[in-house]
Amino acid sequence: MESQLRVLTAEEQQVTQGIREICNLECCVHLEKLWVVENEVTAIQGLERCSQLKELYLYSNRIRLIQGIQHLTALEVLWLGDNCISEIQGISSLCRLRDLNLARNDIATVGDSLQHNTALEVLNLADNAIGSFK
C-alpha cells in the first residue's frame, strides 16, 4: 500500500535508539523530504522507491560513501555534513541539486566531481582537509 507521507523526520532527540540503517520506505513513493540526522547510519540505502525526494538530510551520522542516490534526480538539497566521507562521488546524475552540504568530513580534493551539478547554488565544504579545488 502506498503512503501519502511527504515529510519524515527522525532526529536523535525524537528517537530513543540510534537509527543504523534507512529501510522500510518502499511505500513512501511520495516522500519529498527526509531527515535522518544525529544517528548512526553508515550507508545511504533504502531509497529506491523515493524518486520524488527533493530534500535529503543525513548529517551527523557515520556515512563513508556517497552512494545509493544516483536515481534521485529530483533531489535539490543534500546535507551530508559531519560524516566520514572522503570523496565527492555518486552525485553527477543529480542535475537539479542546488544545495550541497559536505562540511565536517574527510574530503581532501574536489577536482571535477561537481562538473555535472550545474544547478548548484550553495556548496558548504567547511572543515574538511581540502588542499586544492583542481
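Mentor: Start with Asn 24, which is exposed, with a relative accessible area of 59%. Keep in mind that this is a predicted model.

Trainee: Where is Asn 24 placed?

Mentor: Asn 24 is in the loop between β1 (7–11) and β2 (33–37). Its phi is near 65°, a positive value in a residue other than glycine.

Trainee: Why point that out?

Mentor: Because most residues other than glycine have a negative phi.

Trainee: What about Asp 82, what is its phi near?

Mentor: Phi of Asp 82 is near 60°, again positive in a residue that is not glycine. Asp 82 lies in the loop between β4 (77–79) and β5 (99–101).

Trainee: How exposed is Asp 82?

Mentor: Partly exposed, with a relative accessible area of 31%.

Trainee: Moving on to Asn 101. Buried or exposed?

Mentor: Asn 101 counts as buried because its relative accessibility is 14%, and the cut-off for buried is under 20%. Asn 101 sits in strand β5.

Trainee: Which residues does Asn 101 touch?

Mentor: Not counting residues up to four places away in sequence, Asn 101 touches Leu 78, Trp 79, Leu 80, Gly 81 and Asn 124.

Trainee: Now the inside. How many residues are in the largest nonpolar core?

Mentor: That core has 31 residues. Leu 47, Leu 56, Ile 69, Leu 78 and Ile 91 have the most contacts inside it.

Trainee: What is Ile 91 in contact with?

Mentor: Leaving aside neighbours within four places in sequence, the contacts of Ile 91 include Ile 66, Ile 69, Leu 78, Leu 97 and Leu 100. Ser 113, Leu 114 and Asn 117 are also in contact with Ile 91.

Notes
Residues are numbered from 1 along each chain as its sequence is written. This is a predicted model: local features need pLDDT of at least 70, side-chain atom pairs count only at pLDDT 80 or more; totals for chains, interfaces and linings use all residues. Side-chain values use heavy atoms; hydrogens and water are left out. Helices (H or I, at least four residues) and strands (E, at least two) are DSSP runs, numbered from the N terminus. Buried means under 20% relative accessible area, exposed over 50%, partly exposed in between (1.4 Å probe, protein chains only). Contact means heavy atoms within 4.5 Å. A nonpolar core is a set of buried Ala, Val, Leu, Ile, Met, Phe, Trp, Tyr and Cys residues joined through side-chain atoms within 4.5 Å.
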